[in-house]
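Please go through the terms used for this model. For each one, set the value against its definition.

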Amino acid sequence: MVLGSLDKMVQLQKNTANIRNICVLAHVDHGKTTLADCLISSNGIISSRLAGKLRYMDSREDEQIRGITMKSSAISLHYTEGREEYLINLIDSPGHVDFSSEVSTAVRICDGCLIVVDAVEGVCPQTQAVLRQAWLENIRPVLVINKIDRLIVELKFTPQEAYSHLKNILEQINALTGTLFTSKVLEERAEREAGSQANLDPEQGEQVYDWSAGLDDSDDSHLYFSPDQGNVVFASAVDGWGFSIEHFADIYSQKIGIRKEVLLKTLWGDYYVNMKAKKIMKVDQAKGKKPLFVQLILENIWSLYDAVLKKDKEKIDKIVTSLGLKIGAREARHSDPKVQINAICSQWLPISKAVLAMVCQKLPSPLDITAERVEKLMCTGSQTFDSLPPETQALKAAFMKCGSEETAPVIIFVSKMFAVDAKALPQNKPRPLTQEEIAQRRERARQRHAEKRSAGQGQAPSEPTQDGSALETSPEGGEPKGDEQQVESVTPKPVSQEGDSQESFVAFARVFSGVARRGKKIFVLGPKYSPVEFLQRVPLGFAAPLDDLPPVPHLARCSLDHLYLLMGRELEALEEVPPGNVLGIGGLQDFVLKSATLCSSPCCPPFIPLSFEATPIVRVAVEPKHPSEMPQLVRGMKLLNQADPCVQVLIQETGEHVLVTAGEVHLQRCLDDLRERFAKIQISVSEPIIPFRETITKPPKVDMVNEEIGRQQKVAVIHQTKEDQSKVPEGVPVDSDGLVTITTPNKLATLHVRAVPLPEEVTQILEENSDLIRSMEQLTSSLNEGKNTHMIHQKIQEKIWEFKGKLEQHLTGRKWRNTVDRIWSFGPRKCGPNILVNKSEDFQSSVWTGAAGKASKEASRYRDLGNSIVSGFQLATLSGPMCEEPLMGVCFVLEKWDLSKFEEQGASDKRTQEQSDLEQEGQGEGENQQPQSGCSEPLEKRASPKGEPALADCYGPFSGQLIAAMKEACRYALQVKPQRLMAAMYTCDIMATGDVLGRVYAVLSKREGRVLQEEMKEGTDVFTIKAVLPVAESFGFADEIRKRTSGLASPQLVFSHWEVIPSDPFWVPTTEEEYLHFGEKADSENQARKYMNSVRKRKGLHVEEKIVEHAEKQRTLGRNK
């Protein structure tokens, strides 16, 4: 980058009103990076001929090979309009669903976005996702309808057809925006009503009908995309042209003599011009009049394409001269019509001018940040802005003002960390040498050469050794050695870098307030940091120097070592960055893992975490080819975890290093990075680890051949094998209703447990509210410990009651009576989709109220034993009996909990201990006996204050026995019910032309997929298919579909939900019909059993299968006839 332009950028950064931070969002392959190329070429960073071919923002090798963007990268552009100069920080983001986390990181630090839509494909699934992400972050979108050349060249539309097609696309996008807007307005209105419910009691009857009142009041006209508002550009990035209606309104207002304002309103829409009357009128379609947009704009573009594609030289020359353009001889003679079109159109309708002008006019500057967005950013979790401390609320003004004065607090948000080769950092680049340095080096080289020659003449035979020693030990005086040292000291930097790690991390960030200066000390706020806690620890108006502050959790201090201007593939060093700018910060890798908030004032709360559309679901275990390289792998995975916003790195209980990624393409990229950049070693990768869940269902009404299940026609031999498979051991009594009774090994406590399947809706509610359940758990534990630090905020309380209400609404009927009030715990990990219900009469404990027994004495006695039972439930739900996978959608009911023997034992122990104490006092041996009884007491001290020696029996502590007994009881209760596996499912969106539909369906059905809907896009022969597909069957799916359809169909897979696999993994034929249909061995493949066995094999559990699969018959025929 030219130094002059760097100075220009630094100067532009200071004018906050003229800064635009924008990102380019779209579905995969809709032309984001090509559009970015066109905008970059307008700054002369790349040649305009290479725009679209170079894909400048895709700096990774695998991005260039695959032809898709995999990471968001930023570049700063300079644009002049009239007298105003603008700085545009453009961020190019990926469109592939696997990398949607990169979109979240880009959207957070922008104020506006360009939504790019392919004119042929229209609105695609990822277009909806990115529009939703932009909406959630409160950033303003503008629209670019790209690839209009495809309507002319591929679909061969007439201008009139193209107009109606474009109108259709606009309607689709506006419908999407409308849906988002409506839901937001209705939500806000519901909140307002809840707040003012008390005042409006008498009028409540009327309100029921008036549900749309909020929609009528709120103005949403500015949200929609419409060419006459100037927030839509029609373009073809690959051909280098684009226009907004304003451009043509300027031209035609002079030609036709109609005012520009009138033309702006009528160039889009059903209007036509009456040339005689010089009037614009509404079109009556029946008369066959052409709308203005077709007549004045599209027909001109169509005729240009027509002339160039037919190589009509006269017509081309006529068009070029009438437009007043100059076309170079090379382009005019070129055989490829695309080159000619590009040469003409990029001068006539330059795309960069149209897009950048729209960005500068329609998108907000950092000064225009809305109060609503600021409040949303500052409220983490379930807090409201009003509940924040006053010092924190005061920072809102700094956000809104975006001031650069000395007193303004510095607030920076780091949205991701990205790895850069250390050699590419500006401070490590070799700087050009000055004339004096060149002269010095020349002189030194001359001297060395002269010395070598003189040494060579003096001792010719031993020249090589002499030469070598002269360089190393320098026996001939100090001169050469001094030279060597001097030469080395000229370039010390790269040498030290060589031994060090080659990857350096740069933070991708934005300054929201204050000026970021190099070397400034700043606080790093972790995601769990709370300014409330800081203000409690530090006295108000603290005057202590910042270094002497007491330690506060999740708060660290660091300095801004290096500041960079991000220029796509290049980085430029800066001394300071004014507010409102996007920047790179070096030297934060030890303080920031993936994203963080940096602030000069510790009163600032951490920003709300980024919301990711894709959940990481694909797991693989990774190990080095050579075990000695394990430390490099561990270090490499740590670096990879920091460099990728979405990847997760875990070490499982088995000791495996596991990588969790969002999809196959993402996984491939992570593994390539590990091999080539971060670990730099050979690694071997396991087959993908597919997650399953275990559950139970209601007993089926019909058997496998759809016969009603009755007692007749049982086949004795086969039926016996079914009974053998019952997993519950003999000594455990189970009644007909599935109630399991189990006693602890020391026979002091008996538990009665039953497992019941939860309705699907309830499981879904539990999954959606896992964060709320987690915060409830924290509140309960802090109350139990006697801390009252967490003052429950009213909003959280409301959410908890709403959640409870939803559960009560779905758990109705005799079976579920009073269940919700008696929920004791959720699991696994205290926030999962399973529940433990306590129906025991002695001890009531509920997640809603905490423990409450009949009397306080009993409550304290039972509470610790109760914790053991909850722990047993947590263990049981974490690994089920089928293949040690977590449970889902199961309710365990503790019907009865008999501790009478435990109490009797305790009472008798107390009596014996009192007697022994009296004896000891008499004998004076209390000192010797004390330690013995003391060591057994702490085990159960809180559980029962009575004597303990009998409880520290050969079975271990009583609490441990309870945990084990509860875990076993839960497992047996599950095994007496019909067990099922649940598979993770992807929703799969496929766009394919009609002629390959059959092949797509073939691939889907082969992989257990299920088609939900299929619709044809209007005006094209493209079908969009929506299907669901098990994650277990999805590996290699995208490649197979592309191969089978010759690249005409490409799927997008997004994790959607968990689904029960209907087949029973333990099924064997039991009736005559099943026996006849399936055969004695039931050889037809049982999908659930196949999955279960594969997981058991991976985990090293016992698998029932034949060892010999294809043995040949023994051929001793003669003897055995």
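Q: What is the mean pLDDT of the chain, and how many residues reach 70 or more?
A: The mean is 81, and 80% of the residues reach 70 or more. pLDDT is the predictor's confidence in each residue, from 0 to 100.

Q: Which stretches have pLDDT below 50?
A: Residues 198-211 are below 50, with six contacts beyond near neighbours in sequence. Residues 460-500 are also below 50, with 30 such contacts in the model. Contact means heavy atoms within 4.5 Å. Where pLDDT is low, the predicted coordinates should not be read in detail.

Q: Why are α12 and α13 called oblique to each other?
A: Helix α12 (residues 292-309) and helix α13 (residues 313-323) pack at about 140°, with axes 8 Å apart. Axes are lines fitted to C-alpha atoms, for helices over the stretch in contact, and angles run from 0 to 180 degrees between N-to-C directions. Under 35 degrees counts as roughly parallel, over 145 as roughly antiparallel, 65 to 115 as roughly perpendicular and the rest as oblique. The pair α12 and α13 is therefore oblique.

Q: What is the hand of the crossing of α12 and α13, and which residues make the contact?
A: The crossing is left-handed. A crossing is left-handed if the near helix is turned anticlockwise from the far one by less than a right angle, and right-handed if clockwise. From α12 come Ser-303, Leu-304, Asp-306, Ala-307 and Val-308; from α13 come Lys-315, Ile-316 and Ile-319. By class, that contact has five nonpolar, one polar and two charged residues. Ala, Val, Leu, Ile, Met, Phe, Trp, Tyr, Cys and Pro count as nonpolar, Asp, Glu, Lys and Arg as charged, and the others, Gly among them, as polar.

Q: Why are α12 and α15 called roughly antiparallel?
A: The axes of α12 and helix α15 (residues 337-348) cross at roughly 150° and come within 9 Å. The pair is therefore roughly antiparallel. The crossing is right-handed.

Q: Which residues of α12 and α15 meet, and of what class are they?
A: Asn-300, Ile-301, Leu-304, Tyr-305, Val-308 and Leu-309 of α12 meet Pro-337, Gln-340, Ile-341, Ile-344, Cys-345 and Trp-348 of α15. The contact of α12 with α15 has 10 nonpolar, two polar and no charged residues.

Q: What makes β2 and β7 edge strands?
A: Seven strands form an open, mixed sheet in the order β2-β3-β1-β4-β5-β6-β7. β2 (73-81) and β7 (241-243) each have a single partner strand, so one side of each is left without a neighbour in the sheet. The twist averages 25° from one strand to the next. Helices (H or I, at least four residues) and strands (E, at least two) are DSSP runs, numbered from the N terminus.

Q: How do you know that β2 pairs with β3?
A: Two strands pair if DSSP finds at least two bridges between them. Nine bridges join β2 to strand β3 (residues 84-92), and the two run antiparallel. Leu-77 stands opposite Ile-88 in β3. The hairpin of β2 and β3 has two residues between the strands, and Gly-82 there takes a positive phi near 65°.

Q: In which sense do β4 and β5 pair, parallel or antiparallel?
A: Strand β4 (residues 112-118) and strand β5 (residues 140-146) pair in the parallel sense over seven bridges. Leu-114 stands opposite Val-142 in β5.

Q: What is the order of the four-strand open sheet, and which strands are at its edges?
A: The order is β21-β22-β20-β23, with antiparallel pairing. β21 (648-651) and β23 (683-685) are the edge strands, each pairing on one side only. Strand β20 (residues 618-624) and strand β22 (residues 657-661) share five bridges. Val-620 stands opposite Leu-659 in β22.

Q: Which strands does helix α24 lie across?
A: Helix α24 (residues 630-643) lies across β20, β21, β22 and β23, at about 25° to β22. Helix α25 (residues 664-678) lies across β20, β22 and β23, at about 135° to β22.

Technical notes
Residues numbered from 1 in each chain as written. Predicted model: local features only at pLDDT ≥ 70, side-chain atom pairs only at ≥ 80, totals over all residues. Heavy atoms only, no water.
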